[in-house]
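Thanks for coming, everyone. Please take a moment with the sequence and the structure on the screen, and then I will walk through them.

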Amino acid sequence: MQEIPPSFLSLHQNSRGRLSRPAAEVWARYDLCEDLAQQASESARALASQLGGGEAELLARIRAGLLAGAEGQEDATPNAEEAWWVEVRVAELLDWPHPDRPPQA
């Protein structure tokens, strides 16, 4: 069975490191966000090749799009922290630099 990455778990932990939601709910949130990241990475790769670069702008647009869809659908869309995690995850999947992640040498 796959494990939830610590970067995602930290979004749902309190200051003592305990989950702030039931474990099943955290799993469901992780599955949602990982699926969104996988889908967004495919779209972003295609757009980047068409537009020729602009990775940072594409990543920011992904997060903005996720947040725009969140109104009234909290269970089906990521919250602000999860949307940031999806943005970082897309950068990881595509091996793109991310503002919060230094470029790899």
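Helices here are DSSP runs of H or I with at least four residues, strands are runs of E with at least two, and both are numbered from the N terminus. On that basis the protein has four helices and zero strands, and along the sequence the pattern reads α-α-α-α.

Two remarks on the source: this is a predicted model, in which local features need pLDDT of at least 70 and side-chain atom pairs count only at pLDDT 80 or more, while totals for chains, interfaces and linings use all residues. Residues are numbered from 1 along each chain as its sequence is written, and side-chain values use heavy atoms, with hydrogens and water left out.

Let me turn to the interior. Of the 105 residues, 31% count as buried, where buried means under 20% relative accessible area with a 1.4 Å probe, protein chains only.

Which residues does Glu34 contact, beyond its neighbours within four places in sequence? Glu34 lies in helix α2 (residues 23-51) and counts as buried because its relative accessibility is 11%. With contact meaning heavy atoms within 4.5 Å, its partners are Trp85 and Arg89.

Note on methods
Buried < 20%, exposed > 50% of the residue type's maximum accessible area, 1.4 Å probe, protein only.
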